[in-house]
Protein chains: 2
Amino acid sequence: MPASSSPRPIRWGMLGTGMIARLVAADIPLVPGAEIAAIGSRRQSTADSFAAEFDVPVAHDSYEAVVHDDNVDLVFIATPHSRHAADARLAIEAGKAVLCEKAFTVNATEARKMAAAARKAGVFLMEAMWTRFHPTMSRIRRMVKDGDLGSISSVVADISTLRPTDPNDRLFARDLAGGTLLDLGVYPIALAFDLFGPPDDVMSTAQMGPTEVDEQSAAIFSYDNGPQFIWHASFRADAGRGLTIAGAKGRLRNDRDWWKGRPFTWIQENGERSTVGTTPEGNGYQFEIAHVCNCLRDGRTESPVMPLDESIAIMETMDAMRAAWGLTYPNDDVRG
Amino acid sequence: MPASSSPRPIRWGMLGTGMIARLVAADIPLVPGAEIAAIGSRRQSTADSFAAEFDVPVAHDSYEAVVHDDNVDLVFIATPHSRHAADARLAIEAGKAVLCEKAFTVNATEARKMAAAARKAGVFLMEAMWTRFHPTMSRIRRMVKDGDLGSISSVVADISTLRPTDPNDRLFARDLAGGTLLDLGVYPIALAFDLFGPPDDVMSTAQMGPTEVDEQSAAIFSYDNGPQFIWHASFRADAGRGLTIAGAKGRLRNDRDWWKGRPFTWIQENGERSTVGTTPEGNGYQFEIAHVCNCLRDGRTESPVMPLDESIAIMETMDAMRAAWGLTYPNDDVRG
């Protein structure tokens, strides 16, 4: 097969070596035309061991080196939320395309600035809301839009895990924008936006832990003449991690880890049951990876599936929820 | 076996011939020492056919006749919510013990008056919150209280069914105190009270249908330093009717019709699964029926399991929710 018929390889440079970086790095080889060109960490030894494990040709001891690496087409930002805005700016200023982990930023002000910078520079920027790219979720979305479930009355989603309070964990650090909302709540919120758009009314509540971040949050999003979208996120227990989408013609139920793209059970009002979707191979990031590569090959600067204005609107919703709870992060005070 | 060793029969008189009356009448024969003595309807023909179907010796053409029937020890009120207060007063004034269907009344004012009347008359009065008497639910309650689940972080409950808007159905009639809250929401609310007592904070929302009653409602009950109790009730779709109780040591999950006392799956944090509870025979009302009979034999005027002050507090919570929604019923205006 002549080389010209292969897709142009999109070379990924990664910032950060944490869990998400590892999961994504493991899935990149599943995508034809995607490859990891470089890994960056603030410590050379950490970069080196990541490079060895995931067969990355170049290991940099700084994020700056990654964004300026000529062999990198796209910078994947897998640092903590509190660093996203600064790290994305680095990459955008270097003229690189950017895929930024969720939560996109710490607040809407940061998100708006990030989007403006990318648009000004004419570079691709997208929030890494991987759930949205799973074939299973695409099919669910189509079923909802096409009315296969009838008029949707409710969506109830749980995203929770047992994670005892640990002041040394970024998830419990207010300085690093820890808490359930930005780490877990963003998934059901993004799903609500995907299926129904911005809610007409939001009510929410949170329970703060000893480190002053939300260890548990819950919300009801209401849509006028539409569904109630009810979700719960927690570090205090594994509450099942299920999702139910109910409509007048039946319901879709995912019993476990719904945001990972695993199959749903479709239970029609007449009792008939069937399976929707398939379990993805690997960690399930390959669909997002392929989408980003295709966007770049197509010369896009924004994803039609996860557009920047939607990421900004999601951050606005989270800002409003935090305001109601009295929860602020240091980044909220940054001006200029 | 000499007759004296059998429990004294408790003779039930029923007001109303609707679905609940039928379900309870069918289960009374499952309880030794319980029997139906009389049925009352506003139409003789309706009472007669109920009597024929459930083998009831006497069929009255009025509620008054039932409460004054000397062969009736206990009056079971199975009329619509909007009639409960008036029908209970009839029975209490006749010196009869009363079991009153849920929702106990339309509002807390009615509930307080009903409790005061029963206490003054020295007669037994209880809200028919049958869920609380199921052996499965008693076991769940004990597991929660004993800390078998660890510290409870959340309870998520759904109670919903597809019931298209029908102005001729009492559930959609504002005059009859229709809507999801009093018919369905009362179950998760009573469960919240049973497990954790009155909530420290309540936020709720409802969607009104064309007949101006709540066709869908949802709430988050928060407990200071305790769980979030999240529930949803709907006539607009069957959303699964599941219940999850999550704690640091694992979770209890009921996949279907949790308030009917069917078994739960107990999933420990280590992944071990087991079944808690058994499916009751009949319709599952026999445990409540037996409890009420035992209370009367013991000379009680109030149930230790479903006390009147709790029924009043539940009505107060529902009053506050309706106030937030702007939903009133005609009974709310009654003074005196």
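B:Asp148 is partly exposed, because its relative accessible area of 36% falls between the 20% and 50% limits. The model in which this residue is seen is a predicted one. B:Asp148 belongs to the loop that joins helix H6 (135–146) to strand S7 (152–160) of chain B. When neighbours within four places in sequence are set aside, the contacts of B:Asp148 are B:Met143, B:Lys249 and B:Trp266. Between B:Asp148 and B:Arg251, which stand 103 residues apart along the chain, the C-alpha separation is 9.7 Å.

A:Asp169 is located in the loop between S7 and helix H7 (180–196) of chain A. A:Asp169 counts as buried because its relative accessibility is 17%, the cut-off being under 20%. A polar atom of the side chain of A:Asp169 lies 2.9 Å from the backbone nitrogen of A:Leu171.

The discussion now turns to the interface. Chain A and chain B each bring 35 residues to the contact. The area buried between chain A and chain B is about 2,700 Å², and carbon and sulfur atoms give 55% of that area. Two salt bridges are found across the interface of chain A and chain B. A:Arg251 makes a salt bridge with B:Asp238, and the closest N and O atoms of this pair are 3.3 Å apart. Ten residue pairs, with both residues at pLDDT 80 or more, are in polar contact across the interface of chain A and chain B. On the side of chain A that touches chain B, the elements giving two or more residues are strands S7 (152–160), S8 (201–208), S9 (214–222), S10 (228–234), S11 (243–247) and S12 (250–254) of chain A. S9(A) gives the most to this side, with six residues.

Among the buried residues of H8(A) are A:Ile289, A:Val292, A:Cys293 and A:Leu296. An α-helix has 3.6 residues a turn, so residues three or four places apart point the same way. The buried residues of H8(A) pack against helix H1 (19–27) and against several strands of chain A, including S1 (10–15), S2 (34–40) and S4 (74–77). After H8(A) comes A:Gly299, which has a positive phi, near 75°.

Definitions and conventions: Residues are numbered from 1 along each chain as its sequence is written. Chains are lettered from A and ligands numbered from 1 in the order in which they are written. This is a predicted model: local features need pLDDT of at least 70, side-chain atom pairs count only at pLDDT 80 or more; totals for chains, interfaces and linings use all residues. Side-chain values use heavy atoms; hydrogens and water are left out. Buried means under 20% relative accessible area, exposed over 50%, partly exposed in between (1.4 Å probe, protein chains only). Helices (H or I, at least four residues) and strands (E, at least two) are DSSP runs, numbered from the N terminus. Contact means heavy atoms within 4.5 Å. Buried area is the accessible area (1.4 Å probe) that two parts lose on being put together, summed over both. A salt bridge is a side-chain nitrogen of Lys or Arg within 4 Å of a carboxyl oxygen of Asp or Glu. A polar contact is a pair of N or O atoms within 3.5 Å; within protein, one must be able to donate a hydrogen and the other to accept it, and residues adjacent in sequence count only if both atoms are side-chain atoms.
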